[in-house]
Amino acid sequence: MDAAEAAAQEGASPDAAAARLRAGARALDVPAGDGLDAGVLAGAHALVRLARAPRPPRSAVRLDADGVRATATEGLGRVVGHAREAARLGAFRPELADSPWAGAALGSGEEARVARRRAEELAGTRLPRLAEHLDALGERTGLRRPATAADVEQRLRLLVDVRGTLEDFSPGVYERPLGELVRALGQDATWRTRRTAQKVVAEVVRPGARPADLRTSLRRADAERRAWSAAAEDGGRPRVPRGIAEAQRALADVVAELDRLEPVLRGTRAGAGLRDADLPSLTGRLRAMADDDDARGDLPARVDVLVRLGALGLGGLVEDLRDRAAAHHGGPRDADRRPGADGRPAVDEDDAAAEAELVVRASALAEAGRRGVLDDLRPASAAAARDELVAGTAARRRRAAADLMATAGAVGAVAAASLLALPAVLGPAAEGAVDLVVLLDAHAAGVPEGALALARGAQVLVVGDPAGPPPSPAVVGAPAPEHPGEGAPTSLLAATAGLLETRVLGRSHRLPRQLGPVVAAVRAEALEPATGEPGDASTGSASTGSASTGSASAESGSPGITSTDGDLATGWDDAVPAPPGAWPVVLRRVDGRGRASAEGVVHSLDVEVDAVVQTAVGHLREDPERSLAVVAVTRGHARRVADALRAAVAADAALAAAVARSSRSDEPLVVTDVGRAQGCVRDVVVLAGAFAPTERGRVPGAFGPLDAAGGAAALADAVAGARRRLVVVTCLAAEDLAPDRLRTPGARALRALLVAVEDADARHRAARPSADGPGTSPGSSPGGGAGEGPARPSGVVDAAPPDVAPEDLLPPGDDAARALGAHARLAAPTGAGADADGGGADPLVAALVERLGEAGAHVRAAERPGDPDLSVRLRDGRCAAVLPDVRPPGPETGPTAADPVRRVAEAAALRRQGWAVAHVASLGLLVDPAREVADVLAAARRPGAGAPR
């Protein structure tokens with residue numbers, strides 16, 4: 001990390017990062033803004049379901065923002081129902097493209113009914129009536145029958161004009177040379193010519209008639225004569241028949257109805273231009289429209305549905321489905337949509353419903369993307385926010401600690417000291433009390449020295465472990481030999497338990513779950529004096545600690561007394577487990593027997609010392625980054641192990657260099673005994689049993705320091721110091737220790753330890769015979785040698801994380817289109833190599849499990865609290881914890897967004913136990929699941945991450 005990155009992390013805001021993560025989680029479950037009626041998770045699940053349908057939808061139509069709002073207001077169920085109803089009513093039947101109503105502009109079902117009635121009236125009544133009038137006029141005038149409504153209009157206009165002309169002139173006017181008369185009456189003619197023409201015209205003007213413009217009237221009469229001659233069959237002169245008015249009324253009715261139908265039929269195959277249509281053809285067309293079965297049946301209802309779909313912005317989808325049905329009806333058929341192949345039409349009701357849902361879901365997802373709702377859900381953005389949260393939280397804690405220390409140093413407000421040194425640090429009691437006194441490890445402090453601190457605080461906080469080692473007895477002069485049943489002073493924690501309010505810490509955040517039953521079995525014996533009943537080594541309950549708080553009056557010096565009954569026994573079910581490839585509890589039994597000493601015990605055999613040293617050296621070679629402590633039951637055994645380990649390191653230059661490079665200043669390598677191991681916490685603890693059977697196989701009943709007061713608690717404290725792994729090296733077996741011969745809690749605690757360790761070790765070996773081989777444990781080999789790792793299965797090729805396969809390359813398009821392309825190839829989520837479907841009702845997680853199974857990984861879903869949602873184990877034994885951004889479904893609820901900040905804490909707890917953690921985003925699982933799978937596999941294959949040890 002460069003200086004810029006370090007500065008950026010130092011100034012990172014965990015609050016802003018947490019807000020971004022929670023905004024993404026809200027977007028998964030809760031609609032984000034107007035028009036988004038479902039969370040992203042529900043939409044993503046629907047898209048996966050659509051992609052896996054037997055005939056998945058594929059429409060590329062997308063709604064704009066107004067369409068998204070409209071469909072959200074209508075509701076997805078109603079929109080899908082409209083599409084299904086449209087298909088049921090035949091909106092996408094290819095044969096309807098040949099209907100005379102196909103393409104008609106109808107705004108409602110009522111308009112369709114009215115248009116059909118008009119067509120029916122025109123074809124059945126109005127057009128025949130007009131034809132009758134035209135036939136009558138033709139008989140009386142000798143004119144040919146007009147072809148179109150426009151021709152009829154011109155013909156009737158001609159008759160009206162002739163009638164007007166004959167009101168001013170006699171019929172003989174049409175026999176005169178009207179063109180010559182018009183020219184003779186012009187200004188260019190001579191006076192004599194005009195005079196002659198006026199006399200001729202006067203002969204045909206009716207008496208009393210006075211045409212306003214003689215030349216214009218004659219010119220109009222000439223045009224009428226020419227038009228009549230063109231239309232006449234008998235060549236007769238123009239004349240005025242009866243029935244013109246009736247014909248005009250019939251024409252007006254026809255033209256009015258045609259004008260109303262004109263915009264409706266403009267988009268049909270026959271088109272508009274009804275006035276110019278041949279009257280017999282027009283009559284036949286309108287009769288076909290009136291008699292059409294579809295028009296009499298489904299057309300009005302279908303129009304209503306299609307109009308509603310158009311108002312919702314889905315007109316493009318309707319056209320898309322129509323074009324698709326038409327293409328399959330008249331052109332090459334796609335194999336997956338071939339009508340008749342599965343007994344279904346090209347576009348049926350289910351297809352229409354699926355296409356409509358796809359368009360609505362995809363459009364809502366695209367709109368969410370345009371609004372930035374998806375920004376915090378995308379994998380890269382979520383990963384950056386998680387990194388910022390972790391870095392910002394650590395930086396905030398560092399700053400807070402620095403500020404506190406600076407403030408404390410400036411005002412002298414904080415002092416740290418042992419109990420006995422407290423008066424020297426704080427001064428005489430007469431100088432006054434301090435605001436708060438915090439007493440740590442109160443189980444190991446006696447009442448007399450603790451009283452010195454209690455008297456100085458206005459408030460006190462007492463922290464201790466009820467099963468921890470008790471205070472050591474004060475000895476004046478030479479110490480007396482230890483003997484069974486020796487009493488121990490009352491601890492400050494026990495003395496204040498009934499006086500102060502008590503809070504019990506109910507969960508272990510440090511130990512792996514597999515180590516919990518071992519610790520619980522030993523602690524049960526350590527708690528026996530407090531409970532008054534013998535502990536049961538088979539139980540899985542133990543106290544994880546308690547804290548007592550109270551306040552004291554400065555004037556009276558007496559503490560305020562409140563009491564709360566606390567359950568000092570808690571289980572380990574919700575503790576974080578170690579990875580499947582890890583070995584949290586290891587038993588290495590050494591075949592050793594010896595001669596009993598004067599005290600009647602067999603102690604510190606060479607073979608056990610060698611085995612302890614081999615185990616420690618094996619750890620230092622294989623995993624030098626993890627801290628190590630070797631704890632022997634007796635002090636003499638610890639000295640011998642320390643000398644032998646020191647000699648082994650000195651004799652091996654490579655080992656000495658490895659130890660030097662890996663030595664941690666905060667947790668150095670330590671070799672000690674249980675009596676001095678209080679508070680010693682290391683990643684790996686090697687517990688040396690020290691005792692062994694006699695040459696005849698008999699185990700003496702004395703166990704040295706374990707028989708002393710607090711021996712069981714000291715053993716429990718040493719066992720609980722293992723952060724990642726406990727390795728027990730012993731010559732004893734649980735069956736060697738007869739329960740009825742064990743007189744002290746320490747002896748019973750040793751047997752409980754052996755029972756629990758044997759059980760845990762046997763279960764682990766049975767669970768992974770192929771990965772490690774029988775009898776193989778970390779830091780050892782079947783032959784008893786050190787430095788050899790666990791056996792690897794034959795035929796395993798540890799390949800690099802694969803790139804995205806060519807068949808997983810996604811088509812271009814929006815998120816929904818990419819999701820359809822990514823999930824369409826998957827069948828029902830069976831999940832090869834999975835014990836569970838990885839999320840039940842969550843199809844995204846189910847698809848992830850299936851793809852991981854196809855990649856050869858074994859996937860297991862969470863079975864107990866504390867388990868990762870998914871644990872992925874590769875063929876070579878390496879593993880990873882997968883944390884989706886959704887919680888698995890409950891008994892009555894489906895998948896919902898997980899608390900992303902809590903997910904970060906869960907990931908930290910898993911990493912502390914050696915898990916490689918892969919966060920997966922629902923949006924990533926939707927649009928690019930192959931990339932998410934590659935990331936999970938890469939996390940599992942990362943060097944040192946979740947590898948078996």
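This is a predicted model: local features need pLDDT of at least 70, side-chain atom pairs count only at pLDDT 80 or more; totals for chains, interfaces and linings use all residues.
Reader: Why does Val641 count as buried?

Author: The relative accessibility of Val641 is 2%. Buried means under 20%, so Val641 counts as buried.

Reader: How do you know that the span of helix α24 agrees with its 17 residues?

Author: Helix α24 covers residues 635-651, and at 1.5 Å a residue it should span 24 Å. The C-alpha atoms at its ends are 24 Å apart, so the two values agree.

Reader: Which residues of α24 are buried, and what makes them line one face of the helix?

Author: His637, Ala638, Val641, Ala642, Leu645 and Val649 are buried in α24. Seen down the helix axis, the buried residues fall within an arc of 135 degrees, so they line one face. On the other side of α24, Arg639, Arg646, Ala650 and Ala651 are exposed.

Reader: What makes Thr634 a cap of the N-terminal end of α24?

Author: A side-chain oxygen of Thr634 lies 3.2 Å from the backbone nitrogen of His637. A polar contact is a pair of N or O atoms within 3.5 Å, and Thr634 caps that end of α24.

Reader: Why is Asp761 called buried?

Author: Asp761 has a relative accessible area of 7%. The limit for buried is under 20%, so Asp761 is buried. Its place is in helix α27, residues 745-767.

Reader: What does Asp761 contact, leaving aside its neighbours within four places in sequence?

Author: Asp761 is in contact with Trp583, Val585, Val586 and Leu587, with those neighbours left aside. A polar atom of the Asp761 side chain lies 3.2 Å from the backbone nitrogen of Leu587.

Reader: How many aromatic pairs does a search of the whole structure find, and why is the pair of Phe691 and Phe703 called edge-to-face?

Author: The search finds one aromatic pair. The ring centres of Phe691 and Phe703 are 5.6 Å apart and their planes stand at 85 degrees. Rings pair if their centres lie within 6.5 Å, and planes over 60 degrees apart count as edge-to-face, so this pair is edge-to-face. Phe691 is in strand β10, and Phe703 is in the loop between β10 and α26, 12 residues apart. Both Phe691 and Phe703 are buried.

Terms used: Residues are numbered from 1 along each chain as its sequence is written. Side-chain values use heavy atoms; hydrogens and water are left out. Helices (H or I, at least four residues) and strands (E, at least two) are DSSP runs, numbered from the N terminus. The expected span of a helix is 1.5 Å times one less than its number of residues. Buried means under 20% relative accessible area, exposed over 50%, partly exposed in between (1.4 Å probe, protein chains only). The arc is that of the directions from the helix axis to the C-beta atoms. A polar contact is a pair of N or O atoms within 3.5 Å; within protein, one must be able to donate a hydrogen and the other to accept it, and residues adjacent in sequence count only if both atoms are side-chain atoms. Contact means heavy atoms within 4.5 Å. Rings of Phe, Tyr and Trp (its six-membered ring) pair if their centres lie within 6.5 Å; planes under 30 degrees apart count as stacked, over 60 as edge-to-face and the rest as tilted.
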